[in-house]
Every structure is written in C-alpha cells, then in structure tokens.
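Please keep the sequence and the model side by side while reading.

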Amino acid sequence: MKERASERTVEERYTQWKSHVPVLYDWLANHNLVWPSLSCRWGPQIEQATYKNRQRLYLSEQTDGSVPNTLVIANVEVVKARVAAAEHIAQFNEESRSPFVKKSKTIIHPGEVNRIRELPQNSNIVATHTDSPDVLIWDVESQTNRQPVLGATPSRPDLILTGHQDNAEFALAMCPTEPFVLSGGKDKSVVVWSIHDHISSLAADQGAHKSLGSKGSLSNGKAGGGTTVEARGIFQGHEDTVEDVQFNPSSAQEFCSVGDDSCLILWDARTGSSPVVRVEKAHSADLHCVDWNPNDVNLILTGSADNTVCMYDLRNLTSGGVGAPVHIFEGHSAAVLCVQWSPVKASVFGSAAEDGILNIWDHAKIAKAGNDAGSGDSSYPPGLFFKHAGHRDKVVDFHWNAADPWTIVSVSEDGEKTAGGGTLQIWRMIDLIYRPEEEVIAELDKFKSHLLTCSTSSSS
C-alpha cells in the first residue's frame, strides 16, 4: 500500500514538474535510454554554430548480460541560451530518444561501467571504473567502433592501471593540473598514477613509435594495447571502502577521499602516505561523494547516505580532524549520490540523490536568508534555489558543462515503475533564476514598459 502511494507521489510530482517546464527552463532535452548509464560526462566542444554547439558526451550502457556492457561516445547538439521556444521544450515523449543526442562510437567494455572521468589535459582520453581492482584508460579517438552483440569480445583498453588489492568500483578522479589519476576501492586504499610515467616507459621501451601523439593521444603502435601502469603512490587511512576521491584543483599533490567509514580524509603526497587531516564522523552514515571547489580551494562538499550535504572549510580543520561543517544542507529525502561545484560560480553547487531530485544550491544565499527571516518559501531550505524534478527514479550522476556553464547533463537509473532502462536529460534553467536580482528586475521592468506601450497602442 505504502509503495503504491509512493509511486503515485512520484508521478504526481513529475506531472507537476512537466507542466512547469516552459516557465522554469531555457532548454531541456529528454532522452530515453534502453539500458541505464551509471555515469555521464561532458567531453570537448566539437563545433560551434549560430544557434547551437556540438559537444561530445560520454555515457555507458549497463546491460542485463543479453548484450555486452558498453562505453558510449555521443555527440550532442547543445541549443544556445534564449533560442528554444518555450512551447517546444515541454513537448517530449518519455519513451523516445532525443534528436539532440546521437551515438558516435561504441566501445565494448569489460564489465559494467560504474564511473567515467575525462583527462583535462587531453580531450581524447577517458578513465573508467568497473567491478575489478584496475582502472582502465581509453583513447576514444583510436578505439574502434564496435557492434555490441552477444558474444563479442571486449575492446582492449589502451592502459590498465594496477595497484588496488580488491575491487575499485566508484571512486575515480582526474587531476586538473597534471595527467594524474586517483582512485579508491574496497581495499580501503587511495591510489595515484601518472600517465606521464607511462609515456616515459613507452619511449624507453620502444622508441619513437610509442610516444605521446601530436594531438596528445596515447599511441603505442596499435589501439587497445592494454599496457599496465603501476601506482605512483598508495595511501592508507580509511577503515572501510573508499567511495569517492577528488584532487585539489590547484595541486597535483593534494587530494581528498570519503568512504563507508564516515570519514573525510585529506592527503598530501609530499608528506608521505598517511592522512594529513582525518575528519571522523563527517556525516552520521556512509559517505558517497566529495567535490573540491575549483573557484575557492578552501571549500569541500561531501554527500552521504544520511540524506545531507556538508560543506567543510579547510581553514577550520586541524590535523586531529576537529572541525564541524560550515553548513549542513538538508534538501533530500534519500541518500545523496553525487555533489559537484559549478565550474564558474564559487558559491553554487548541485546535489543529486536517490529521491530522484537534483538540487541546485547557492551557499551565499544562506546569510541573506538569515537576514530576511520570515520571508520566502519555507518549503525550500536555506541556500536551495532550484529543484530539477525531471527524473522519476534515483539520479545516479550529473555533470555541469564547463563550455556552457549553466547547462547540466543528468542520468537516472529507472526502475520497473518507469519501464526500466534509464533517462538522460540535458537542461538549462531560465537565466532569470540565477542572474543578479537587480539585472533581472531591470529586464522585467523593460518588458513591462514594452507591454504597456503595446497595450496603449492597441487601445488607441
């Protein structure tokens, strides 16, 4: 009975959301996935045109075994701001594929793809995590396009990063400043690799044929060579599975990790393999995700099975792990699976959860809300300014688009009540929601005076 009521609530919420799409969104593309994708990541912009840009998107297909699991490279037509007509963006069929999303290449992946991360220094290189101890590195440009048919042999990764002693399924990050890869796993370890190390060893082993190609691609004589690379460093300090990791945006030597031991740990490779700061009980349950602010390196976000997001300020933490979060964000009714800072606005971030909601927050609004106590919508907790309710099941991943900063891609793993598979949505809220208040008021006043002029002309 309770389950039926909950399904009804989800459908009611979704119906209400869909009716508000023309008012809340500048653009939205809904794409039905036959198989769920546990990860979604923007790649490079490929082409710019007058009304839209073409951009690469990385997805996966988590199958039931009747066909192989795949890593998918898609091309997306990203419609520019204030181009789409309001009446058009709400006219989509949940069971259909979007004309804006086209598959470009399929790589048959050895096992399901749990995480995808792109290398910032090289637009053709991505890393993936599967249910194994290894991290797999793919040069998507040189990999062959494959047909995912039953019995097909998996594509061979260009590099295999070894060092974990047990499965490393989710925790994966790429360094913004150097070609370093960071991972965490069930062996309670955090492991770092350098792809530079691989390039050097290739050059020594086989000369000029195995070097970093002119476009920065990994060329080792043939695609999918499967060369193994050993860890640069292994860091011990967690007491349970490491669920997520992240580099300091301005340092290849500093990084953080979170795990099922409820700890947030800060590391510095220059000081050895022990934790620099260990925050015990960063949440009251397992931690699922972490992100380090690219525009303010003092701030770190954590998301947890306790349904909350915490914001920590590194200046408040001591080596003994003493320090409370600056703020606890309570806007989800189920476990938080993904947190990510905006690439352009230091105070803005998103959080996605098993409740099917992707919340957009601005922590700068919290102080303002305190000053304006008694006003505003009490159903919205402080700092929350947008709820994306377009998914009808748990939102497993999302990614801000650095090339088009207020455009977000999100994916949900849909249960039987929504016909299974997954839903991919690419969306951008209307800019009146996030632009400075005085700017918006000025624009609306201009619009108001235009309407008044029109109405005066028509009545005379």
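## Strand 27, inside the structure

Buried means under 20% relative accessible area, exposed means over 50%, and partly exposed lies in between (1.4 Å probe, protein chains only). Strands are DSSP runs of E, at least two residues long, numbered from the N terminus.

Both faces of strand 27 are covered. L358, I360 and D362 are buried on one side. N359 and W361 are buried on the other. In a regular strand, side chains alternate between the two faces of the sheet.

## Basis of the model

This is a predicted model, in which local features need pLDDT of at least 70, side-chain atom pairs count only at pLDDT 80 or more, and totals for chains, interfaces and linings use all residues. Residues are numbered from 1 along each chain as its sequence is written, and side-chain values use heavy atoms, with hydrogens and water left out.

## Partners of strand 27

Strand 26 (residues 348-353) runs antiparallel to strand 27, joined by 5 bridges. Two strands count as paired if DSSP finds at least two bridges between them. A352 has L358 of strand 27 as its bridge partner. The two strands form a hairpin with 4 residues between them. In the turn, G356 has a positive phi of about 85 degrees.

Strand 28 (residues 384-388) also pairs with strand 27, antiparallel, over 4 bridges. Here L358 is bridged to H388.

Another sheet is open and holds 4 strands, in the order 10-11-12-16, with antiparallel pairing. Strand 10 (172-174) and strand 16 (233-236) are the edges; each has a single partner strand, so one side of each lacks a neighbour in the sheet. The twist averages 15 degrees from one strand to the next. Axes for this angle are lines fitted to C-alpha atoms, and angles run from 0 to 180 degrees between N-to-C directions.

Strand 10 meets strand 11 (residues 180-184) through 3 bridges, running antiparallel. L172 has S183 of strand 11 as its bridge partner.

## D313, a buried aspartate

D313 belongs to strand 23 (residues 309-313). Its relative accessible area is 10%, so D313 is buried.

The D313 side chain makes a polar contact of 2.7 Å with that of R315. A polar contact is a pair of N or O atoms within 3.5 Å; within protein, one must be able to donate a hydrogen and the other to accept it, and residues adjacent in sequence count only if both atoms are side-chain atoms. Leaving out residues up to four places away in sequence, D313 touches N298, L299 and V326. Contact means heavy atoms within 4.5 Å.
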